[in-house]
Structures are given as structure tokens and as C-alpha cells.
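Hi,

Here is the structure I said I would pass on. Have a look at it first, and then read my notes below.

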Amino acid sequence: MKFNVITLFPEFFESPLKAGLMGKALDGALVEVSFTDLRAFGEGRHKTTDDTPFGGGAGMVMKPGPVVAAIEAVRAEDPETSVVLLTPQGELFSHERARTLSEERSLTFVCGRYEGFDERIRAFVDYELSIGDFVLMGGEVATLAIMEAAARFVPGVLGDSASTEEESHSTGLLEYPHYTRPREFRGMEVPEVLLSGNHAEIEKWRRTRSVERTAKSRPDLLEFADLTPEELAAVKIGAPE
Ligand code: SAM
């Protein structure tokens, strides 16, 4: 899978892309990343990429010329790429969206700064994505989050591909609790069932904890989760009036 990133700060990505599984994916050529420095497409002697907003107001707005020229330069090299605009006004990014994006051969991320983009830039992109209902200083962190989440679905990037099938959000529920050694930590014991070797009982216990945890932390997810009538009843009993 190929990622292109259009940014004013290519150096932002250096360290995060070297670390952990993402670093390995890049070393193993399972994932490829290229950067386009937006400054190179800036206008005039000062390579300007932003200007004051028409109508007044605080902050600077990213000019359409440099951003669209950068998108067109990337598309000329990589015609099949889908262009993603990072914006807090976009579709809320999700596990499911990460999975569908991972099926694309190439994605190009356009990172904003300042007050955001001139509205006309939107006509040149395929998707608008937000990573949450908060405002970051720029699109770089959002790009890294989306790249990592999508790369996890690329075959071979995770050692154990089952990891993407069982974890939080893949089943509509949050994942069950995990424990490792030691068996006792500061007075807290590992649940007996996990030491039993009884796989059916372990599965049952994990499913129950998963439903309970989702009901407690993210009750909004339960609406779309595939629950048995017994699980549904248990969740309703536990829910506040
Ligand atoms: N004034 C803009 C607004 O209210 O929608 C916010 C601009 S923000 C300070 C600068 C840039 O950060 C945005 O253009 C976008 O690229 C990025 N950004 C900020 N929050 C984001 C989020 N939640 N998801 C994705 N990108 C975000």
C-alpha cells in the first residue's frame, strides 16, 4: 500500500514512521510513504501558502493554488491515488473506514494548518476525514493515526492477522480485558477462568466482559452490536434508568 503526504512539515513524520510495526512495514516494503513539501508549491518569492480570509476574521487560510498544484503533482505521478483531506469537519474516521481504506492501492493525505483550507480545495479531493470531535493544530497527527490504522489491515503488517478480527471495534464491541504474568499484582489476581485451560469457558468469560465493558464505556456502540437475547437482557438490567 502506498501513502503520499502533502504537508508543510515533512520532518514531522520522521521518528513515528521509524518505530515499531510501522517501521518494519516500511523496511519490508509492505507499506511505502512519500512526502510532498507544500512549501515547494508556494506562490511568489516567499513561497507563500496562506493568506488572510476574505470577510475578515482571525488566522490565516491555506491558499487553493499551492494545495491544488501539490495534489495535481501527486496525481500525475500516481493517477490511481485517492486524496484525503484532513479536517475536523470531515466524516468521523473509524475502524471500518480504516479497513475499507486499506483496500485502496494508494492514498494521498492533505494536511492543513492555520485556520484550515480555502473552501474551493474540497472540489479536488475524494474524502474528507476527521479523527475526532476536537481541533488539532494541523493534519499531520491525524494523517499518522489514519495511516497506522489502515496499515494494520495490510496483509503481513501485523504478525498475527487474527489481531484485527478480535480487537475493539472489529465486532461492534470493545475488547475483553487482557492479563499476563505475574498471576498476582499488588493484591489483584488474574481471573481463575483464564488459568483453567477450558477454552469454551474462557471464550464465554471474554464475551461477557466484552459486552459489560462496552455497556459501561461505550453504550452507544451496543445499538449496532450483534447481541444474543440473553446479552441484551443483561445489558438492559445493568443500564441506568
Ligand atoms: N478552523 C478549522 C475548523 O474550525 O474546522 C480548524 C483548523 S485546524 C486548527 C488546522 C488543521 O488541522 C485542519 O485544516 C486539519 O487539516 C487539521 N485538523 C484539526 N483537527 C482535526 C481533526 N479532528 N481531524 C482531522 N484533521 C484535523
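Predicted model: local features only at pLDDT ≥ 70, side-chain atom pairs only at ≥ 80, totals over all residues.

What follows is a walk through the sheet, the helices on it, the aromatic pairs and a few backbone details.

Five strands make an open sheet, in the order β2-β1-β6-β5-β7, with parallel pairing. On average, neighbouring strands are turned by 30 degrees against each other, if you ignore direction.

β1 and β2 run parallel and are joined by 6 bridges; if you want a place to look, Thr-7 has Asp-37 in β2 as its bridge partner. The chain gets from β1 to β2 by way of α1, and this β-α-β crossover is right-handed. Further along, strand β5 (residues 82–92) also runs parallel to β6, with 4 bridges between them. There, Val-84 stands opposite Phe-109 in β6, and Phe-109 will come up again below.

**Helices on the sheet**

Helix α2 (residues 64–77) packs on the sheet and touches β1, β2, β5 and β6. The direction of α2 makes about 160 degrees with that of β1. Helix α3 (residues 95–102) packs on the sheet as well, where its contacts are β5, β6 and β7. For α3 the angle is taken with β7 and comes to about 140 degrees.

**Aromatic pairs**

How many aromatic pairs are there? The count is 3. Take Phe-3 and Phe-109 to begin with: their ring centres are 5.9 Å apart and the planes meet at 45 degrees, so this pair is tilted. The cut-offs behind that word are under 30 degrees for stacked and over 60 for edge-to-face, with the rest called tilted. Phe-3 belongs to strand β1 (residues 2–7) and Phe-109 to strand β6 (residues 106–110), so the pair ties together parts 106 residues apart in sequence. Are these two buried or exposed? Phe-3 is buried, at a relative accessible area of 0%, and Phe-109 is buried too, with a value of 0%.

Phe-13 and Phe-35 form another tilted pair, with 5.1 Å from centre to centre and 40 degrees between the planes. This pair also links distant parts of the chain: Phe-13 is in the loop between β1 and α1 (20–27), Phe-35 is in strand β2 (residues 32–37), and they are 22 residues apart. Phe-13 is buried, with a relative accessible area of 1%, whereas Phe-35 counts as partly exposed at 34%. Bring in Phe-12 and you have one aromatic cluster, made up of Phe-12, Phe-13 and Phe-35.

While you are looking at rings, check Tyr-127: Arg-97 lies over its face, 4.7 Å from the ring centre.

**Around Glu-43**

Glu-43 is in the loop between β2 and β3 (50–51). With a relative accessible area of 35%, Glu-43 is partly exposed. What does Glu-43 touch, leaving aside residues up to four places away in sequence? The contacts are Thr-48, Lys-63, Gly-65 and Pro-66. Of these, Lys-63 is 20 residues from Glu-43 in sequence, with 9.2 Å between the C-alpha atoms.

**Backbone details**

- Ala-29 has a positive phi, near 60 degrees, in a residue other than glycine. Ala-29 sits in the loop between α1 and β2 and is exposed, with a relative accessible area of 66%.
- Lys-47 also has a positive phi, near 55 degrees, and again this is a residue other than glycine. Lys-47 lies in the loop between β2 and β3 and counts as partly exposed at 36% relative accessibility.
- Arg-181 and Pro-182 are joined by a cis peptide bond, with omega at about 5 degrees. Pro-182 is in the loop between α5 (163–166) and β8 (184–185).

That is what I have for now.

Cheers

Definitions and conventions
Residues numbered from 1 in each chain as written. Heavy atoms only, no water. Phe/Tyr/Trp six-rings, centres within 6.5 Å; stacked < 30°, edge-to-face > 60°. Helix = DSSP H or I, 4+ residues; strand = E, 2+ residues; numbered from the N terminus. Buried < 20%, exposed > 50% of the residue type's maximum accessible area, 1.4 Å probe, protein only. Lys NZ or Arg CZ within 6 Å of the ring centre and 35° of its normal. Pairing = 2+ DSSP bridges. Axes fitted to C-alpha atoms, helices over the stretch in contact; angles between N-to-C directions. Contact = heavy atoms within 4.5 Å. Right-handed = clockwise from strand over helix to strand, strands pointing away.
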